[in-house]
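Subject: Structure handover

Hello,

Please find the structure below, with its sequence. My notes on what was found in it follow.

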Amino acid sequence: MKTIDLRSDTVTLPSAAMREYMANANVGDDVYGEDETVNALEARVARMLNKESALLCTSGTQSNLLALLSQCQRGEEYLVGEEYHTYRYEAGGAAVLGGIVPQTVAVQADGTLDLEVLAKKVKPNDPHFPVTRLLALENTHTGKVMPTKFLDAARDFTQHHGLKLHLDGARLFNAHIASGASLETLTDGFDSVSVCFSKGLGAPIGSVLAADRETIAKARRWRKMLGGGMRQAGFVAAAIDYAIDHHIQRLQVDHDNAVLLATKLKAQLVAHGIEQVQVEPAVTNMVYVQFTDPVLAQKTAAHCRQKGIMLSSAARMRLVTHLNVTSAYIDLIVEEFIRGIIGD
Ligand SMILES: *Cc1c(COP(=O)(O)O)cnc(C)c1O
């Protein structure tokens, strides 16, 4: 039986067509700047995000790190949501490697930050304090699309305070498809933008950082220092080209499947009178399920694993739809999920 993996959209496997496209890529030594496929991809992504230049990175973590290292000096700080990936899930790289101080603030229910709270965190010019340099945002955050009104306000905020603005757009394409807002609108006013292709877009590896030429030149040097200078990386760039051509528009299918999953699961929980498990409405390609009993979440995940359905075992369980989860699987997922809960 085929495994259905809902733990993340990073588990997506390259399709036969993508593999073939990769195999036929024209490649060269990218550290020498001689990989045509990489050069063309970087120019393509820069154009898509309306920035001067772009750089292929090994991962989103590397891409975010390069953005911070290239725009903040030692002893300077960046403002960031405490649940954002850049701060919470990247092993403190900016502090460890760049001497950059993170100033966290709470993330609001809609995934945005409170600009009044942020304003109080911007430090005055005084030798006691680190120099506040940059604000980092995340779109989507836990599947939620940042309202464009907030993006406008954040842009004004950083201009007013003379700060740089970075976007962790690991799932920016989901935000684009879900909101209908253009990529240019979603990235307007950001000095740097990181996007991931190894998630819902289905490439095996790769993120891209886009910014002005000077920032990307600095990022290129940092990338080399961190061991991220890849040689015949055109095979990766080709996978990303394929993903851009074929997998952006279809993200709508993932969003529709998430709605289907949330709706059907909720209906079955109600039908079985199960109240200790609550399903939240789907947001882009994610559905969150809250268990009051963490042990029940573990039992449910263990049951589903036996049936070939991979789930996280957290009490606040995240189910992620992606290109290897078709709508035909939804009924089976819901059925086994309920069986897992009632111990059938
Ligand atoms: C996945 C992710 C990243 C980057 O993760 P990598 O695994 O290093 O590619 C960055 N930000 C967010 C919000 C993510 O979900």
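Threonine 321 sits in the loop that runs between strand 12 and helix 14 (330-342). Please keep in mind that this is a predicted model. Is threonine 321 buried or exposed? Its relative accessible area is 0%, and the cut-off for buried is under 20%, so threonine 321 counts as buried. The side chain of threonine 321 reaches the backbone oxygen of aspartate 254, at 2.7 Å. Setting aside neighbours within four places in sequence, the residues in contact with threonine 321 are Asp9, Asp254, Asn257, Ala258 and Asn285.

Next, the overall layout. The protein is divided into domain 1, residues 16-247, and domain 2, residues 250-342. Taken over C-alpha atoms, the centres of domain 1 and domain 2 are separated by 30 Å. Where the domains meet, 15 residues of domain 1 are in contact with 11 residues of domain 2.

Rolling a probe the size of a water molecule over the atoms shows where empty space is left. The largest pocket has a volume of about 570 Å³. It is lined by 23 residues, and those closest to its centre are Tyr89, Glu138, Thr142, Tyr288 and Arg318. Which elements give two or more residues to this lining? They are helix 4 (85-88), strand 10 (286-291) and strand 12 (316-320). Each of domain 1 and domain 2 supplies at least three residues to the lining of the largest pocket. Sorted by class, that lining has nine charged, eight polar and six nonpolar residues.

The second largest pocket has a volume of about 160 Å³. Its lining is made of Leu69, Ser70, Cys72, Gln73, Arg74, Leu97, Gly98, Lys218, Arg221, Trp222 and Met225. Helix 3 (60-71), helix 5 (93-98) and helix 10 (213-225) are the elements that give two or more residues to this lining. Helix 10 gives the most, with four residues. By class, the residues lining the second largest pocket are five nonpolar, three polar and three charged.

Last, some details of the backbone. Most residues other than glycine have a negative phi, and most peptide bonds are trans. This model has exceptions to look at.

- Asparagine 139 and threonine 140 are joined by a cis peptide bond, with omega at about 0 degrees. Threonine 140 lies in the loop between strand 5 (131-138) and helix 7 (148-161).
- Threonine 142 has a positive phi, near 45 degrees, although the residue is not glycine. Threonine 142 also lies in the loop between strand 5 and helix 7. Its relative accessibility is 26%, so threonine 142 counts as partly exposed. As noted above, Thr142 is among the residues closest to the centre of the largest pocket.
- Threonine 284 has a positive phi too, near 45 degrees. The loop that holds threonine 284 runs between strand 9 (277-279) and strand 10. What is the relative accessible area of threonine 284? The value is 11%, so threonine 284 counts as buried.

After that, look at the loop between strand 5 and helix 7, where threonine 142 lies.

Regards

Definitions and conventions: Residues numbered from 1 in each chain as written. Predicted model: local features only at pLDDT ≥ 70, side-chain atom pairs only at ≥ 80, totals over all residues. Heavy atoms only, no water. 1 Å grid on protein atoms, 1.4 Å probe; cavity = no way out; pocket = protein on both sides within 12 Å on 5 of 7 lines; lining within 4 Å. Points joined across faces, edges and corners; volume = space filled by probe spheres on them. Nonpolar A, V, L, I, M, F, W, Y, C, P; charged D, E, K, R; others polar. Domains from an automatic or database assignment. Buried < 20%, exposed > 50% of the residue type's maximum accessible area, 1.4 Å probe, protein only. Polar contact = N/O pair within 3.5 Å; in protein donor to acceptor, adjacent residues only side chain to side chain. Contact = heavy atoms within 4.5 Å.
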